[in-house]
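Student: I am new to this structure and would like to go through it with you, asking at each step what the words rest on.

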Amino acid sequence: SLNLHKIKFKVEAMSIMAPTIEGLTELKHLDLSSNLLFKTGGMLAARILAKCENLESLILASCELTNSKEISLNERRVKEDKDDIIPDQLAAMMLRDEMGRHKKIIHLDVEENEIDDFIMLGVKNRLKVNKALLHGRPEFEAFVDDKFNLKGNQLEREKLEHTTNISVDHGYFDRERVERVAYAVVEGEGTVERKEREAKEERERILKLEEEERKKQEERMKEQLELEELGMAAAP
């Protein structure tokens with residue numbers, strides 16, 4: 001466990017510390033909250049998440065992760081003479097994407113960072129998936145109930161024996177959450193087929209949106225790299 005909460009940790013310190021933290025391969029809890037990390041620090045945090053494969057909890061609340069400049073939002077509002085500053089979502093998207101590949105993270109706190117609702121939805125869903133994969137069937141079934149509102153509609157569910165080694169097949173959950181609906185619901189004729197179709201359409205819609213976000217992220221990262229290269233070339 002590494003607690004760096006509210007120690008006036010800024011981008012420069014984060015740049016120095018990040019390689020060391022990345023080497024802590026057994027680290028399970030990291031708290032960087034209430035430090036001015038800005039977008040650059042958020043991108044470094046995403047890299048730490050990628051390297052620390054055993055990390056279960058990452059706290060990044062109140063770090064101004066969507067602030068593209070390296071001065072606080074309050075200072076920017078005064079300096080730029082405007083109240084509304086458009087958040088830069090690049091670091092948030094990188095964190096979400098790294099979560100999609102991480103198998104242990106079950107707690108990611110990124111509150112009070114002006115992160116887009118769609119990205120936050122992806123973060124929350126990924127945390128539910130990992131929790132289900134790590135903790136087993138009860139959490140898995142709870143996620144399916146929540147996703148398809150089975151309990152809300154008071155639909156009766158069959159108790160069927162179903163065993164599989166989900167810990168080694170990371171894609172299992174996404175496939176199973178669609179397939180399971182077909183035999184988990186007991187209602188009148190035609191309901192199962194309708195629910196299965198709706199689940200498939202919802203999954204395709206989410207995949208399409210995620211693909212669009214991924215392309216946008218790649219374009220932004222490319223532009224960022226080009227700007228950095230230009231800056232380096234122009235430096236004396």
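Tutor: In this predicted model, 39% of the 236 residues of the protein count as buried, a word used for residues with under 20% relative accessible area.

Student: Which residues of helix H2 are called buried?

Tutor: The buried residues of H2 include Phe 38, Leu 44, Ile 48 and Leu 49, together with Lys 39 and Gly 41, and they bear that name because each has a relative accessible area under 20%.

Student: How do you know that the span of H2 agrees with its number of residues?

Tutor: Helix H2 covers residues 38–51, which is 14 residues, and at 1.5 Å a residue it should span 20 Å; the expected span is 1.5 Å times one less than the number of residues, and the end C-alpha atoms of H2 are 20 Å apart, so the two agree.

Student: What makes S1 and strand S2 a pair?

Tutor: Two strands pair if at least two bridges are found between them, and S1 and S2 (residues 29–31) have 2 bridges in the parallel sense, so they meet that condition. In S2, Asp 31 is the bridge partner of Asn 3.

Student: Where do the strands stand in the sheet, and why are some said to be at the edges?

Tutor: The open sheet has 4 strands in the order S1-S2-S3-S4, with parallel pairing. Strand S1 (2–3) and strand S4 (107–109) each have a single partner strand, so one side of each is left without a neighbour in the sheet, and they stand at the edges.

Note on methods:
Residues are numbered from 1 along each chain as its sequence is written. This is a predicted model: local features need pLDDT of at least 70, side-chain atom pairs count only at pLDDT 80 or more; totals for chains, interfaces and linings use all residues. Side-chain values use heavy atoms; hydrogens and water are left out. Buried means under 20% relative accessible area, exposed over 50%, partly exposed in between (1.4 Å probe, protein chains only).
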